[in-house]
Amino acid sequence: MSRYLAIGAGVLAALLVVSGILLKMAWAENGKLEVQLAAASAVIAQKEADARLSADIVAKQADALTKLEIKVVTVTERIYSAPVTRECAASPSMRAATVGVRDIIAPAGGADPGRQPSPAVR
């Protein structure tokens with residue numbers, strides 16, 4: 001009887017070792033999957049943030065282009081409505097063109113600050 005008991009105990013010990021190894025492998029695989037899930041979630045969150053930022057930038061660009069178009073049309077109308085003369089640089093149309101280009105390039109409010117550094121750099 002003790003022989004069967006020893007064999008049973010050996011088989012039970014072997015089963016425990018095998019189940020322990022399988023449990024450890026499953027736990028390691030679960031850790032890998034959690035890391036992959038966290039990475040995928042971070043990528044999705046960054047993509048959504050980039051999409052919001054892009055939409056904001058596109059809206060600002062459209063607004064800036066609309067304002068620029070209004071300025072250009074105004075300058076063009078001033079040039080076309082200036083009286084025609086035989087003078088060149090001193091003519092009213094050249095003066096209107098020069099002033100108009102100056103207004104378009106350097107607006108009265110000053111230059112746009114441009115892109116700001118990210119908060120991590122500040």
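**Surface, helices and salt bridges of a predicted chain**

The protein chain exposes about 10,700 Å², of which carbon and sulfur atoms supply 68%; accessible areas come from the Shrake-Rupley method with a 1.4 Å probe, and for residues only the protein chains shown count as cover. The model is predicted, so that local features need pLDDT of at least 70 and side-chain atom pairs count only at pLDDT 80 or more, whereas totals for chains, interfaces and linings use all residues. Residues are numbered from 1 along each chain as its sequence is written, and side-chain values use heavy atoms, with hydrogens and water left out. Buried residues make up 5% of the 122 residues in the protein chain, where buried means under 20% relative accessible area, exposed means over 50%, and partly exposed lies in between (1.4 Å probe, protein chains only).

The protein chain contains two helices and zero strands; helices (H or I, at least four residues) and strands (E, at least two) are DSSP runs, numbered from the N terminus. Helix 2 (residues 92-105) comprises 14 residues and reaches 20 Å from its first C-alpha to its last, close to the 20 Å expected at 1.5 Å a residue, the expected span being 1.5 Å times one less than the number of residues. Within helix 2, A96, A97 and G100 are buried. They cover an arc of only 100° around the axis, which puts them on the same side of helix 2; the arc is that of the directions from the helix axis to the C-beta atoms. What covers the buried residues of helix 2 includes helix 1, contact being taken as heavy atoms within 4.5 Å. The face of helix 2 turned away from its buried side carries the exposed residues R102 and I105.

Two salt bridges are present in the structure, each defined as a side-chain nitrogen of Lys or Arg within 4 Å of a carboxyl oxygen of Asp or Glu. In one of them, D56 pairs with K60, the closest N and O atoms being 3.6 Å apart; D56 and K60 both lie in helix 1, four residues apart, about one turn of the helix. D56 counts as partly exposed at 37% relative accessibility, whereas K60 is exposed, with a relative accessible area of 55%. K67 forms a salt bridge with D63, with the closest N and O atoms 3.4 Å apart, and these two residues are likewise four residues apart in helix 1, about one turn of the helix. D63 is partly exposed, its relative accessible area being 39%.

A nonpolar surface patch of about 490 Å² is made by V17, V18, I21, L22 and M25. Patches consist of residues with over 30% relative accessible area and no salt bridge, like charges being joined within 9 Å and nonpolar side chains (Val, Leu, Ile, Met, Phe, Trp, Tyr) within 5 Å. V18 lies in helix 1 (residues 2-81) and is partly exposed, with a relative accessible area of 47%.
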